[in-house]
Amino acid sequence: MRAKFNTASENIKNTFLKDGPHTSIKNCLERLLKYYPDKLILGELDEERKNLVHWDGKQVFWEIQNLGDGLIAYGFKGSHIAVISENSCRYVLADTCISSGVGVVIPLDKDASEDLTATLLNRCDADVVMCTKALLKKVEAVKPHCPLLKTVILMDKKVDGYLFWDEIVAKGKEVPQDANCYRNKEMDMNAPAKIIFTSGTTGANKGVVLTNTNLTVNMQNCLDTIRTKFYNNISMSVLPMHHSTEINTHVIARIGSGELTYVCHSLRNIMADMKVYKPHLITVVPMVANAFYKGIWDAAEKQGKADKLRMGIKINRLFRLFGIDKSHEIFKEVFEPFGGNLNQIICGGSGLNPDVVKGFNDLGVLLCNGYGITECGPLVSLNSETLHDYRSVGRPCPQSEVKIYNPDEDGVGEICVRGKSVFSGYYKDEENTRKVMDSDGFFHTGDNGYLDEKGRIVFSGRIKNTIVLSNGKNVAPEEIEELLAIRLTYATDIVVFPSTFKQGKISQETIVAGIYIADEGIRKDTKRVSEDVRMVNATLPAYKKVNFVMLADCEYPKTSTRKIKRTGLPETVDTSVGFTV
C-alpha cells in the first residue's frame with residue numbers, strides 16, 4: 001500500500017482552479033497574483049552558487065508584465081525572439097513573457113554549432129536574440145550570416161552597446177497602466193506563440209509552431225494527469241529548456257499549480273543542486289534514473305551497508321502492508337545525496353527497467369513514465385502505475401485522442417494523436433505539415449505502438465529507427481535495447497542497429513548491439529557479456545536476435561537530453577571490434 005497520489009487539478013480545485021481551468025498562460029499568471037502573491041514559485045542558486053534567489057508569485061507576475069511592456073515599448077511587438085541561454089529563472093520568465101503576447105519565442109540549443117545556429121535563426125526569421133554574456137561571442141559570430149537579426153538582448157549582465165534585461169524591465173515599469181501594451185493586450189489564442197526545432201517525423205530541423213491554445217491545453221493536460229504525493233512539494237528543473245518537455249510540461253505546469261520549482265543551471269550540477277534544493281520531485285530521462293539507482297547500490301556496497309539496505313527494504317515493505325510509510329526515516333542515509341526528500345521521479349524518452357521501477361518503489365520513490373512529442377505540446381500520456389505496468393506509457397491525457405494507424409496482426413502501428421494541444425503545423429513548411437496531418441485531424445507521430453486492453457499506450461519504437469530485414473521482417477531496436485538494459489545492468493550505453501558483418505570474403509546481414517561498459521574489468525570479461533546477451537536472445541524470435549556485440553572504448557555521442565545519437569553508427573563490422581553471439 002502507498003499514499004494516495006492526487007493530480008495537481010485535484011489539489012487546487014478550490015483555489016487556483018475554482019474559476020475553472022486556466023484559459024491561457026497569461027490567465028494563469030493573473031491567478032498567481034490573485035491567489036499566491038507571496039508564495040515562492042521559482043528559485044535558483046546565484047552566480048557564485050552560494051545563495052538561493054527566489055521569486056514569489058507577485059514577483060513572477062510583475063517581472064513578466066514589465067518585461068513584456070518594455071519589449072513592446074522598445075518596438076519588439078510581433079518579433080521573433082530567439083532565446084539562447086543556460087537554464088535559469090530568467091529563461092522561464094522570457095519564454096513565458098514572449099509567448100504570451102509579445103511575439104514568438106524560439107528556444108535554441110546553446111550548444112549547437114555556429115553553422116546550425118545561423119541556419120535555425122534564418123529558418124525561423126528571428127530578428128532578436130536574447131542570450132547570456134557567456135554566449136555573446138557565439139551570437140556575434142553568427143549575426144553576419146543572419147540578415148534579419150538586428151538586435152541582441154543580454155539577459156544576465158550589462159555590456160556597452162547592447163540592450164540589457166534590467167533596462168527593458170525598467171522601461172516597462174514606466175508604461176502607463178491603461179496603455180495599449182502587453183498587460184492589457186487581448187490574447188489571440190490561435191496565433192503562433194512558440195517555434196521549437198525538432199527532428200520531427202519526416203526529417204531534421206523543422207520548426208514546430210505552437211499556439212497559445214496548444215501551450216495552455218498542454219499545461220492543463222499536465223495538471224490533470226501528473227500525480228504527486230502531496231501538495232506544496234518542491235521540484236527541480238534539470239533538462240535543457242530549449243526542449244519542449246522542460247518548460248512546456250514541467251515548469252509551466254508547476255507555475256499553473258502554484259508550486260515551487262528550483263532551476264538546475266547544468267546537468268553537471270545535478271547532485272550538488274539536489275543537496276541544496278532538497279526536491280521531492282525531479283523530471284529526468286531514464287538513463288539518469290538508472291544512474292541514480294545504480295549509484296545507491298554502488299555506495300551501499302562500497303560502504304559495506306548493502307545487507308543493511310536489504311533489511312531496510314524488507315522492513316519498509318512490512319510497514320507499507322499496513323499503510324505506514326516510513327521510507328525516508330528508514331533510508332535517511334540513502335536519500336541524503338538527493339537532498340533528503342525525493343519521493344517521485346518522472347521520466348520520458350525511453351522505456352523503464354522494471355528492476356529500477358521496483359527498486360525505487362521499495363525505497364519509497366514513485367517512478368513514472370510518460371510519452372510526448374513536440375508537435376503534441378508535447379505531453380500525450382503519463383503512467384503513474386509503473387510498478388504494476390512498467391511497459392506502457394499510460395492512457396492518453398484527458399484532452400487528447402489516440403488512434404493506431406495501419407496496425408499489423410499484433411495491433412502495432414503508428415501512434416496518431418488529435419486534440420487542442422496538437423500543433424498548427426511546421427513553420428513555412430506546408431509540404432511536410434501535410435505529410436503528418438491526416439484528413440481527420442490526427443497527427444502521425446512517426447512512433448510505433450499499440451493500445452492495450454485498458455486503453456494504455458505501449459510504445460514500440462521510432463519508425464525511422466526500425467530495422468527492415470531482407471526477409472521483410474521489421475525489428476524495433478528500442479525493444480531489444482530495453483531487454484539488454486534489464487539484463488546488462490553494468491552497461492553504461494546500449495544501442496542496437498543493423499550492419500553488415502564481414503568475415504574474410506563473406507558478408508551477411510547482422511543485428512549489432514553496440515555496448516559501452518565503464519567498468520574496465522567487466523568490459524574485458526567478454527564471456528560474461530556474451531552469456532548475458534545470449535540470455536536475452538533466448539527470449540527473442542530468431543529474426544530479432546543480436547548476432548554481434550561491438551564493445552565501445554568510450555561513451556556514445558548523445559543529444560542534450562542524453563539520448564544516444566544513431567547517426568554515424570558503422571554500416572559494416574568485423575571481428576576486430578567485437579565478437580559474434
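This is a predicted model: local features need pLDDT of at least 70, side-chain atom pairs count only at pLDDT 80 or more; totals for chains, interfaces and linings use all residues.
The ring centres of Tyr-293 and Phe-360 are 5.4 Å apart and the planes stand at 55°, so the pair is classed as tilted. Tyr-293 belongs to helix α11 (residues 286-302), and Phe-360 to helix α15 (residues 354-362). The pair therefore ties together parts that lie 67 residues apart in sequence.

## Other aromatic rings and the charges over them

A pair of aromatic rings is described by the distance of the centres and the angle of the planes. The structure holds 10 aromatic pairs. One of them joins Phe-61 and Trp-62 edge-to-face, at 5.0 Å centre to centre and with 85° between the planes.

Phe-16, Tyr-35 and Tyr-36 are linked into a cluster by ring pairs. Elsewhere, Lys-171 lies over the face of Tyr-74, at 5.5 Å from the ring centre.

In soluble globular proteins, nonpolar side chains tend to be buried together. The largest nonpolar core here has 105 residues, of which Leu-71 and Met-130 touch the most other members. Helix α4 (residues 89-102) contributes the most to this core, with 8 residues. Leaving aside neighbours within four places in sequence, Leu-71 is in contact with Phe-76, Lys-77, Cys-97, Ile-98, Val-102, Met-130, Ile-153 and Ile-168.

A second, separate core comprises 38 residues, including Leu-239, Tyr-293, Ile-313 and Ile-345. Tyr-293 of this core is the residue whose ring pairs with that of Phe-360.

Helix α2 (residues 25-35) is mostly covered, with 8 of its 11 residues buried. The buried residues are Ile-25, Lys-26, Asn-27, Cys-28, Leu-29, Arg-31, Leu-32 and Tyr-35. Tyr-35 is also a member of the aromatic cluster with Phe-16 and Tyr-36.

Several elements cover the buried residues of α2, among them the strand β2 (40-45) and the helices α3 (57-73), α4, α8 (212-225) and α9 (244-256).

## Strands β4 and β5

Strand β4 (residues 80-84) and strand β5 pair in the parallel sense over 4 bridges. Within this pairing, Ala-82 has Ile-106 of β5 as its bridge partner.

In a regular strand the side chains alternate between the two faces of the sheet. In β5 (residues 104-107), Val-104 and Ile-106 point one way, while Val-105 and Pro-107 point the other way, and all are buried.

## Strand β21 and its two partners

Of the 9 residues in strand β21 (residues 443-451), 7 are buried, so the strand is largely enclosed by the rest of the structure. Strand β19 (residues 413-419) is joined to β21 by 4 bridges, and the two run antiparallel. Gly-413 has Gly-449 in β21 as its bridge partner.

Strand β22 (residues 457-462) also runs antiparallel to β21, to which 5 bridges join it. Here Asn-448 has Gly-461 in β22 as its bridge partner. β21 and β22 form a hairpin with 5 residues between them, and Gly-455 in the turn has a positive phi of about 80°.

## The open five-stranded sheet

An open sheet of 5 strands has the order β28-β25-β26-β27-β29, with mixed pairing. The edge strands, β28 (572-574) and β29 (578-580), each pair on one side only. On average, and with direction ignored, neighbouring strands of this sheet are turned by 40° against each other.

Within the sheet, strand β26 (residues 506-516) and strand β27 (residues 548-552) pair in the parallel sense over 5 bridges. Ile-515 stands opposite Leu-551 in β27. Helix α19 (residues 526-537) lies across β26, β27 and β29, and runs at about 135° to β27.

Note on methods
Residues are numbered from 1 along each chain as its sequence is written. Side-chain values use heavy atoms; hydrogens and water are left out. Buried means under 20% relative accessible area, exposed over 50%, partly exposed in between (1.4 Å probe, protein chains only). Two strands pair if DSSP finds at least two bridges between them. Rings of Phe, Tyr and Trp (its six-membered ring) pair if their centres lie within 6.5 Å; planes under 30 degrees apart count as stacked, over 60 as edge-to-face and the rest as tilted. A charge sits over a ring if NZ of Lys or CZ of Arg is within 6 Å of the ring centre and within 35 degrees of the ring normal. Axes are lines fitted to C-alpha atoms, for helices over the stretch in contact, and angles run from 0 to 180 degrees between N-to-C directions. Contact means heavy atoms within 4.5 Å. A nonpolar core is a set of buried Ala, Val, Leu, Ile, Met, Phe, Trp, Tyr and Cys residues joined through side-chain atoms within 4.5 Å.
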